[in-house]
Amino acid sequence: MAPVQVPTGTDDKSKAGGRMAVTDMGRGVADAPPKVALLNNPKFRSWLFQILLGVAVAYLVYSGWVNMNANLQAAGVASGFGFLGENAGFSVAQSLIDYDQGTSSYGRVYVVGVLNTLIVAVVGIVFATVMGFLLGIARLSNNWIVSRLATSYVEFARNVPLLLQIFIWYFGVLRLLPQPRDSLDFGPLGLLNIRGYFAPKPVWGDGSAFVLYALIAGIVIAIGVSRWSYRRQMATGQRFPSLWVGLGAAVGLPLVVFLALGAPLTWDMPVLGGFRPSGGMTVIPEFIALLVALSTYTAAFIAEIVRAGILGVSKGQSEAAHALGLRQGQNLRLVVIPQALRIIIPPLTSQYLNLTKNSSLAVAIAYPELTSVFAGTALNQTGQAVEIISITMLTYLTFSLLTSAFMNWYNARVALVER
């Protein structure tokens, strides 16, 4: 009897299937996420620490607020912002809005201080920027005398404290001007004496609003022409004299309307007097000293920023511009400066912020800006230091944030965009 052959294929398949089952089981175990303790989980730890920190900060703020109120009540000092509606009762040397010593409130004083701070900051930024760019370019001039004079100015202005420069301009220059009866007469430009600069005051007549509307329309046209010219140049490579066309629209259009209306403008000229000149408009010496000191001091730092930005542009750019036939002035205006702005703008923002905050030094010469009249005189009269200092700090913080936001927007506009 022949032996019975048992087929082995089934056994082989079973063994293979078993091996596959083992392999799959091993892979399943390997793919399963490891069990981690909750405190060792990075996400849980980060959220836990942030929550604990937030609770601690909130507790410290709450404790400080409670302590402050308890101390103020113990000292008999009133709290709250009701004082802003009370009568201030003191005069302000310069006000861009109507202000009356007998009826104006502390809230009005705050607005006057804010406007005085803004006017000196804005005008100072404009002057410092123009001076800084000219000085920065002059430092790189091939003319030995021009370069050395610019270098000497920058080194002197940067290394003399700003407060001392304010004192120099106020006590060393403006306080040495002649008395009102002996005023320096600049003819149609006005008078200058120890009490300030007395300039002609424009008096607009009927229909002058249309001149303002024409000016706004001219500026809008100039902006539109500039944008159209830029798009045209990017598309075709052909340049359009947008600068001259824009100036023609912004200046020519209101001038035509002004003449068509019969020139509705007269001038109130200052007239010499014994105590002070009468008529015109007055620019107080404190404003002049502060503006000149802030502008000249900040211009020295801006000059170094401009010089560094220009040196940061590759020399090959200038060589290529000269190879295309551009003159030195065209090379600087069309090739170097636009590329240098990407380097200049970020540190330039810091200088603008510094100039705005440094205007608080005006308290040393009694210029009526925010720190002087609100955080100074108003605080001394009301005694509400917490509220007044908080408002003043938030105001300067707002100025800085708005300036930074505008400069960041402009920086994004001129930033190099890859195509």
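A surface patch here is made of residues with over 30% relative accessible area and no salt bridge, with like charges joined within 9 Å and nonpolar side chains (Val, Leu, Ile, Met, Phe, Trp, Tyr) within 5 Å. A salt bridge is a side-chain nitrogen of Lys or Arg within 4 Å of a carboxyl oxygen of Asp or Glu. This is a predicted model: local features need pLDDT of at least 70, side-chain atom pairs count only at pLDDT 80 or more, and totals for chains, interfaces and linings use all residues. Residues are numbered from 1 along each chain as its sequence is written, and side-chain values use heavy atoms, without hydrogens and water.

**View 1. A nonpolar patch on the surface.** Phe210, Leu212, Tyr213, Leu215, Ile216, Ile219, Val220, Ile223 and Leu261 form the patch. Together they have about 840 Å² of accessible area (Shrake-Rupley method, 1.4 Å probe, only the protein chains shown counting as cover for residues). Phe210 sits in helix H6, residues 208-236. Helices are DSSP runs of H or I with at least four residues, numbered from the N terminus.

View 2. Residues 44-62 are 100% helix, with end C-alpha atoms 27 Å apart. Residues 109-135 are also 100% helix. Their end C-alpha atoms lie 38 Å apart.

**View 3. Aromatic pairs.** The whole structure holds 11 of them. Rings of Phe, Tyr and Trp (its six-membered ring) pair if their centres lie within 6.5 Å; planes under 30 degrees apart count as stacked, over 60 as edge-to-face and the rest as tilted. Phe83 and Tyr106 form a tilted pair, 6.3 Å centre to centre, with 55 degrees between the planes. Phe83 lies in the loop between helix H2 (42-75) and helix H3 (106-139), and Tyr106 in helix H3, so the pair ties together parts 23 residues apart in sequence. Both Phe83 and Tyr106 are buried (under 20% relative accessible area, 1.4 Å probe, protein chains only). Elsewhere, ring pairs link Phe167, Tyr170 and Phe171 into a cluster.

**View 4. The largest nonpolar core.** A nonpolar core is a set of buried Ala, Val, Leu, Ile, Met, Phe, Trp, Tyr and Cys residues joined through side-chain atoms within 4.5 Å.

Technical notes:
Helices (H or I, at least four residues) and strands (E, at least two) are DSSP runs, numbered from the N terminus. Buried means under 20% relative accessible area, exposed over 50%, partly exposed in between (1.4 Å probe, protein chains only).
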